[in-house]
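Keep the viewer open as you read.

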Amino acid sequence: MFNFCTCVNFKQESCSDEEQHRNSLARKRDLKKSINETCNNPPLTLVSTSERRDYGEDRVINLDAGDPTMYETYWKKMGKKATVVIPGWRSMSYYSNGRSLCWFLEPDLCQQILRLHRVVGNAITEGRYIIVGTGSSQLILAALYALSPPDSSEPTDVVSAVPYYSSYPSMCDYLKTSLFKWGGDAHTYEKEGSYIEIVTSPNNPDGSLREPVVNRSGGAVLHDLAYYWPHYTPIAAPADFDLSLFTASKCTGHAGSRIGWALVKNPEIAMKMVKFIELNTIGVSKDSQLRTARMLSVISDSCEQAGSTSDNRSESFYGFGHRLMTERWCRIRQAVKHGGMFTLPDFPTAYCNFLNQPTETRPAFAWLKCEDEEEDCAGLLRRHKILGRSGVSFGCSPKFVRVSMMDRDDNFDLLVQRISKITAAPNSEH
Ligand SMILES: Cc1ncc(COP(=O)(O)O)c(C=O)c1O
């Protein structure tokens, strides 16, 4: 259907720091002028909400979402290597590659996805179709649409083992489709017939490494591998599944670009997923795809330049992420121990084929459990000006709370300080 479309492959252009500075001064001048001239329009915001930060020690720190802002320091250092300029006339078409099953996938992005998986060794890409989505969130819905039998008399149950990613239940149910519905905890799922199990590994929220638990005929498995990257977990073997999902949000930290990708074995499932995205958003932003292609290429370059010894690997993007996460996990464990109010899960150590050394899982979230009589762990943190997400959202007890480990340094420092001061009430018997 899209064969008439030819694919334009172009080089992304970068500009010097001086040029950027001049452009930015000119932009600011123009902006001021336009604000003065257009007093009837709402004022333009010069600083985004995420940049408008309050440095007061009393401020509330919001660690409820998994916003990966800790990677900003790395990307700032990359400067123009990671700067993408897209001229106004480029990527105007809906189409990217008319000959590809995923007709809106930019060839540059496709190449860089294949290259990064090869460099990191975390997924087999041979014999898979690559489908790009507006974040892996869109791909989860596309996959549920594609995996649900269309002629079933009732909606297919979608299950995941507790604690599961808090968005799965609402993603399944908010449109009230007759194709699928949220079926709850995979551990207690007993119904016969078709079902879809989402397996998230490493898991959000608790960082555990997971496998399917239902294992019955008539089921399909969707592997959400958002966190299967060397900064979060040892890469013990390449993922080799029928349908797996990855996202730039957690791989490079560019959550704002909204790019995810699926590796899909079955061509019919792949075509249905493409159809879903076509109906939903008529493809995926080319600008975002090109930016993501550049980020992936910078990461692969950093890994290739670092070479293969464990010392050198620490210089790559994943070396940076691994060092930062290791340091953060060490600090939060110390703070938890000092306060005595919470516990954290333990993680196994395994050999990481990418870093060429044994490493421990260092998840993107801390899954805190209140060991005191306190029943509402999120409420307790809120009283200490820390916003986290209650265990209830993940199908668990309110004695658990999830906080992001991926925020900027200043917020993480405050988290550690505050956690270490939340102490367990002295036992009345002593
Ligand atoms: C397990 C998991 N899957 C999917 C997503 C969605 O990511 P995206 O930003 O690509 O939509 C997230 C985001 O936090 C996640 O934790």
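Which helix gives the most to the shell around the ligand? Helix 4 (residues 135-147) does, with three residues; helices here are DSSP runs of H or I with at least four residues, strands are runs of E with at least two, and both are numbered from the N terminus. Please note that this is a predicted model, in which local features need pLDDT of at least 70 and side-chain atom pairs count only at pLDDT 80 or more, while totals for chains, interfaces and linings use all residues. Residues are numbered from 1 along each chain as its sequence is written.

In total, 13 residues surround the ligand, the closest being Gly 135, Ser 136, Ser 137, Thr 247 and Ser 249 (near means a C-beta atom, placed from the backbone, within 6 Å).

Now look at strand 7 (residues 243-247): five of its five residues are buried, so the strand is largely enclosed by the rest of the structure. Buried means 20 or more other C-beta atoms within 10 Å of the residue's own, with C-beta atoms placed from the backbone. Leu 243, Leu 245 and Thr 247 cover one side, and Ser 244 and Phe 246 lie on the other.

Definitions and conventions
Buried ≥ 20, exposed ≤ 12 C-beta atoms within 10 Å, placed from the backbone.
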